[in-house]
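User: I am new to this structure. Could you walk me through it in short questions and answers?

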Amino acid sequence: MNTNATIEKMQQMRLHGMKRAYESSFETRNQDTFTNDEFIAWLIESEDNQRNNSRTERLLKNARFHYQASLKEINYSPDREIDRNQLTRLWDCSFVDRYENIIITGCTGTGKSFIATALGYQCCIKGYKVLYYNLGKLFNKLSMAKADGTYMKELAKIEKHDLLIIDDFGLQAINNEKQLILMDLIEDRNQKKSTIFCSQVPVKNWYDLIEEKTIADAILDRIIHTAIRFELKGESMRKKMKNK
């Protein structure tokens, strides 16, 4: 089989990483420095890297993050009172395997969403399925799903994600249909999947956000007691950046 036929076969088999490496080997002639076994191992590694990169790109796209964030970019200035050791322990994303929830609270601009997004990015890199939603938009989406008969289907899609990030929890009252939707979301994920909650409202006031107190008890019992908590302090990070 000639070189062109081999490349064509790789293309047909969707071995894009291997094809790219094989083609580049003729430009760099680095195959001359490999044994046969080493060359094959290099081609396979190139394919594996390509697939991992493609998977990560797909997971990041499907997560619907608003921006890119990295755990290495987090500001640990003393006034923010972030427990660096506690946050660093989350970098391996094993909290997802343990189905642990995370609650991040603090005033506007203190970096709640950034930390949640950074953790979400890290989870995507590790191969976990992540979904990011503003709670108001999530309520709207699921309310429309109830109206058109696709509610259970949409809930099932969300449940499949290893990590759900809910931002702006508590910006609006959780009453009427919303509290029942939230109950369904939380019940589906309880002790099966992980959820990160970002809120400007202190946890001690969450009970007052939910209209029906029996439902409030049921929801918060599943969220709060075993959650990992971060309460961010200090001046707005956005204001700091603007004043620089």
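This is a predicted model: local features need pLDDT of at least 70, side-chain atom pairs count only at pLDDT 80 or more; totals for chains, interfaces and linings use all residues.

User: How many aromatic pairs does the structure hold?

Analyst: Rings pair if their centres lie within 6.5 Å. By that rule, the number of aromatic pairs in the structure is six.

User: What kind of aromatic pair do F169 and F197 form?

Analyst: The ring centres of F169 and F197 are 5.7 Å apart, and the planes stand at 80°. Planes over 60 degrees apart have their own class. The F169 and F197 pair is therefore edge-to-face.

User: How many residues apart in sequence are the parts that this pair of F169 and F197 ties together?

Analyst: F169 lies in the loop between β3 (163-167) and α9 (176-189). F197 belongs to strand β4, residues 194-199. So the pair ties together parts whose separation in sequence is 28 residues.

User: F169 also pairs with W206; which kind of pair is that?

Analyst: The centres of F169 and W206 are 4.5 Å apart, with 45° between the planes. Stacked needs under 30 degrees and edge-to-face over 60.

User: Where in the fold does W206 lie, and how many residues apart are the parts it ties together with F169?

Analyst: W206 is in the loop between β4 and α10 (213-223). F169 sits in the loop between β3 and α9. The pair therefore ties together parts that are apart in sequence by 37 residues.

User: Are F169 and W206 buried or exposed?

Analyst: Buried calls for under 20% relative accessible area. F169 falls in that class, and W206 does as well. Both are buried.

User: Which residues do ring pairs link into a cluster?

Analyst: Here ring pairs join up into a cluster. Its residues are F65, Y121 and Y132.

User: Which ring lies under the charged end of K213?

Analyst: A charge over a ring must be within 6 Å of the ring centre. The charged end of K213 is 4.9 Å from the centre of its ring. That ring belongs to Y207.

User: And which ring does K146 lie over?

Analyst: K146 is placed over a ring face, at 4.8 Å from the ring centre. The ring is that of Y151.

User: Is G106 buried or exposed?

Analyst: G106 is in the loop between β1 (102-105) and α6 (112-125). Its contacts beyond four places in sequence are K112, S199, Q200 and L232. Its relative accessibility is 9%, so G106 counts as buried.

User: What is the relative accessibility of T105?

Analyst: T105 is in strand β1. Among its contacts beyond four places in sequence are W206, F230 and E231. T105 counts as buried, with a relative accessibility of 6%.

User: How are α8 and α9 placed, roughly parallel or oblique?

Analyst: The axes of α8 (residues 151-159) and α9 come within 10 Å and cross at roughly 40°. Among the residues making the contact are Y151 and L155 of α8 and L180 and I181 of α9. Roughly parallel needs under 35 degrees, so α8 and α9 are oblique.

User: At what angle do α7 and α8 pack?

Analyst: L138 and K141 are among the residues of α7 that meet α8, where Y151 and E154 take part. The two axes are 7 Å apart. Helices α7 and α8 pack at about 140°.

Conventions: Residues are numbered from 1 along each chain as its sequence is written. Side-chain values use heavy atoms; hydrogens and water are left out. Helices (H or I, at least four residues) and strands (E, at least two) are DSSP runs, numbered from the N terminus. Buried means under 20% relative accessible area, exposed over 50%, partly exposed in between (1.4 Å probe, protein chains only). A charge sits over a ring if NZ of Lys or CZ of Arg is within 6 Å of the ring centre and within 35 degrees of the ring normal. Contact means heavy atoms within 4.5 Å. Axes are lines fitted to C-alpha atoms, for helices over the stretch in contact, and angles run from 0 to 180 degrees between N-to-C directions. Angles under 35 degrees count as roughly parallel, over 145 as roughly antiparallel, 65 to 115 as roughly perpendicular and the rest as oblique.
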